[in-house]
Amino acid sequence: MKLSDCVSVLADPKSRRTCFYSLFPTAALLCVVFFLGSAFIATDYKEKLSRWDLADSMHSGCTKCENSSRQEVADSMQNTNSTKCENQCSPDGSEALPRGIVSKTSNLGMRPLWGFPKEKLKSSVNLFTVAVGIKQKELVHKMVKKFLSSDFVVMLFHYDGNVDGWKDLDWNNHVIHVSAINQTKWWFAKRFLHPDIVAEYSYIFLWDEDLGVDNFNPKRYVSVVEDEGLEISQPGLDSTKSEVHHLITVRGRRSFVHRRAYKPPGSGQGCDDNSTAPPCTGWIEVMAPVFSKAAWRCVWYMIQNDLIHGWGLDMQLGYCAQGDRTKNVGVVDSEFIVHHGLPTLGRSDEKNKTSLSTYSHTPETKNTTGLEAKATSKPNAMNFRYEVRRQSYIELEMFKQRWEKAVEEDECWTDPTKSQ
């Protein structure tokens, strides 16, 4: 029956029931269409809402890259074939560049002014750095020759400003020279050894100049620390010829590596198999430290920009050991050195008298703490070495205070050594 016929017979009571029966299938079909359409619209709406929520979470810092821009998020939403933004981990400041042109790291390899080498330059995988003065030229010469012959990149930090005095040595043009009057190796390291600059080097050596290397082979040393899994290390000291300050640094004659010292309790702290803290274990001295690339990234951040003597760092280096400091920090016995213990910075010669008073101290004490006021007092012109030592102790106390304050204020930090 047609719809028009049904309407025309509605007045007939007998025909009404027949008309309603004919309308029922049509009404049911319309209802099904309505509900299906509503479900599709609701699903689409919920999907949009979930995308909006995702965008909000990305902007609230829930993505891997904290610096993703709003435009990057919007662009990623348009790409239905991918759920990740390809540029979300671009280095800060490089967002305006195509990712393929971004060079994230550098190195200390030297390049020719023009042309390209016919053979690919051999890439050095380790870095040796040392703070030097011309008076220790002979010791430094022996060190540099050994490290260059082992395919290290070598960088000299000239604290006395005398760069020309090394020109007679055949390796002079093959090393990097950085000069700054009366600055320590930690001052140089903080400014010239940023982790992104030395990221291509597996191990970074940061040594003093007063070391004898007659019984030291750099290649064999690196092989040992790799095999032993040492992230932070130093060569052992020949106790018969060295100035020794801590028992753990003395070379063991029956081992390749040792990680702890043994000392009976007496006037000082005792060390045994149950010891878990420096200087009994998880500790090295800082006259000849060697850091893995990962450990150095951590250590660089711990070096304080204004505390140039580095005192206090040794007790906290274990936090950068990439795990258990009692296992990942150690002294290599098979490759050992001599520590001559020669005073360098602050020696009382005429040249240093002027430069030390000019660069190391300032008469102004306004707005300084008690420790800083002591450090800025005028030194005795005849005893600069004493003043350098006094400054080191002052900086040690300042570093301790900063560490304690940082631990107290950082509610999110948990001391990993408590579980070791």
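I began with the pocket lining: α5 (185–192), α8 (313–316) and α12 (384–409) each give at least two residues to the lining of the largest pocket. Helices here are DSSP runs of H or I, at least four residues, and strands are E runs of at least two, numbered from the N terminus. The largest share of that lining, 5 residues, is from α12.

Ground rules: this is a predicted model, where local features need pLDDT of at least 70, side-chain atom pairs count only at pLDDT 80 or more, and totals for chains, interfaces and linings use all residues. Numbering runs from 1 along each chain as its sequence is written, and side-chain values use heavy atoms, with hydrogens and water left out.

Next I sorted the lining by class and got 13 nonpolar, 11 polar and 9 charged residues. I took Ala, Val, Leu, Ile, Met, Phe, Trp, Tyr, Cys and Pro as nonpolar, Asp, Glu, Lys and Arg as charged, and the others, Gly among them, as polar.

Then I checked the overall build: the protein has 12 helices and 9 strands. Of its 420 residues, 39% count as buried, meaning under 20% relative accessible area with a 1.4 Å probe, protein chains only.

Last, contacts (heavy atoms within 4.5 Å). Residues 24 or more positions apart make up 71% of the protein's contacts with a separation of 6 or more. I also looked up Leu 193: leaving out residues up to four places away in sequence, Leu 193 touches Leu 127, Thr 129, Met 155, Phe 157, Phe 188, Val 198, Leu 206, Trp 296 and Trp 300.

How values were computed
Buried < 20%, exposed > 50% of the residue type's maximum accessible area, 1.4 Å probe, protein only.
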